[in-house]
Amino acid sequence: MPETEPENTPRGAPVGRRTLLGMLGAGAAGLAAAPYLQAGWEGLLGKASQLDPTGLTGLLPNPGGFRYYSVVGSVPRKGETDYALTIDGLVHRPRTYTLADLRAFPQTRVVHDVRCTDGWRVAKVPFDGVKLSDLLDDAGVGPGGEALSFGCFDGAYTESLTLEQARRDDVLVALRMQDAPITHEHGGPVRLYVAPMYFYKSAKWLSGVSVTGRVVPGYWEQRGYDVDGWLDDAH
C-alpha cells in the first residue's frame, strides 16, 4: 500500500459526460442570471430599508457587497423628466441642471474602495460623473463662500464639505456606478461621491448644493459622526 497516491490518479467516482455537461450548463445559466438576480435582490432590500424604521435591513448583505440605508420611510423616484440639481447660495450664477445638462459636462471616472463606518467594504468601485469643481466654476463661487451644504430629495438627509475638499478631483456629482446608471437604491439618478471619505459623506438622491460661509454639519454629523470623514489612507 503506497504512502501517497500517484500524482495523476483522480479522487472519488468518475463524473459521466452527461452529468458534466449538465453541470456546465447550470453554471452558465447561473452566470447569465446573476445580474438579474442581484438587481432583484438589491431592489427588494432597497424597498425594505425604506419601510424599516429599525434600520436592521441595513445589516443584510447583498450580492454586490453593499448595504442599504435610508433615514426616511420612503423616497420618491426621479428620472429623466423630473430630476433637477440646483446650485445656489453664495454664487454669482445660481444654476439648475437636468440629467441631460449634467451629461453634457466632461465626465470623470474615479475607481476607489467604498467603505462604511459599519465596517463593510466594496473594493475598487467605478463611479463616473461631473467633477463637483466644474459645477462650482460654472456657478461661480462668490465672496465669503467657504463650504458646501448638500440637500437630498428624500427630504431629510444633508451633508457638508469644505470648499477645499469639494474641489478635489476625486469628488464627483456621480451619474454612473459600476458602468451603469445609478439605481434608485444606490441613490440615483444622481448622488454625491466623495472617494477619500467614508461613504456617509457621499449623499444619495442629491438635489441641491448650497455654497455657505461655514460648514453646516450634515444629518449624521449632527448625531455624532465626524464632519471630516477621511478614510485612513486618504492622505
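Reader: Let's start with Cys116: buried or exposed?
Author: Cys116 is buried, because its relative accessibility is 13% and the cut-off for buried is under 20%. Keep in mind as we go that this is a predicted model.

Reader: And Cys152, buried or exposed?
Author: Cys152 counts as buried too, because its relative accessibility is 8%.

Reader: How many disulfides are there?
Author: The count is 0 disulfides, going by a cut-off of cysteine sulfur atoms within 2.5 Å.

Reader: Okay, new topic. Which residues does a cis peptide bond join?
Author: That would be Gly188 and Pro189, with omega at about 10°. Pro189 sits in the loop that runs between strand S8 (180-181) and strand S9 (191-194).

Reader: Nice. What is the phi of Asp179?
Author: Asp179 has a phi near 65°, which is positive even though the residue is not a glycine.

Reader: Where is Asp179 found?
Author: Look at the loop between strand S7 (171-177) and S8. Asp179 is partly exposed there, as its relative accessible area is 47%.

Reader: What about the phi of Trp205?
Author: Trp205 is not a glycine either, and its phi is positive at about 50°.

Reader: Where is the place of Trp205, and is it buried or exposed?
Author: Trp205 belongs to the loop between S9 and strand S10 (206-212). Trp205 is buried, because its relative accessibility is 3% and buried means under 20%.

Notes:
Residues numbered from 1 in each chain as written. Predicted model: local features only at pLDDT ≥ 70, side-chain atom pairs only at ≥ 80, totals over all residues. Heavy atoms only, no water. Buried < 20%, exposed > 50% of the residue type's maximum accessible area, 1.4 Å probe, protein only. Helix = DSSP H or I, 4+ residues; strand = E, 2+ residues; numbered from the N terminus.
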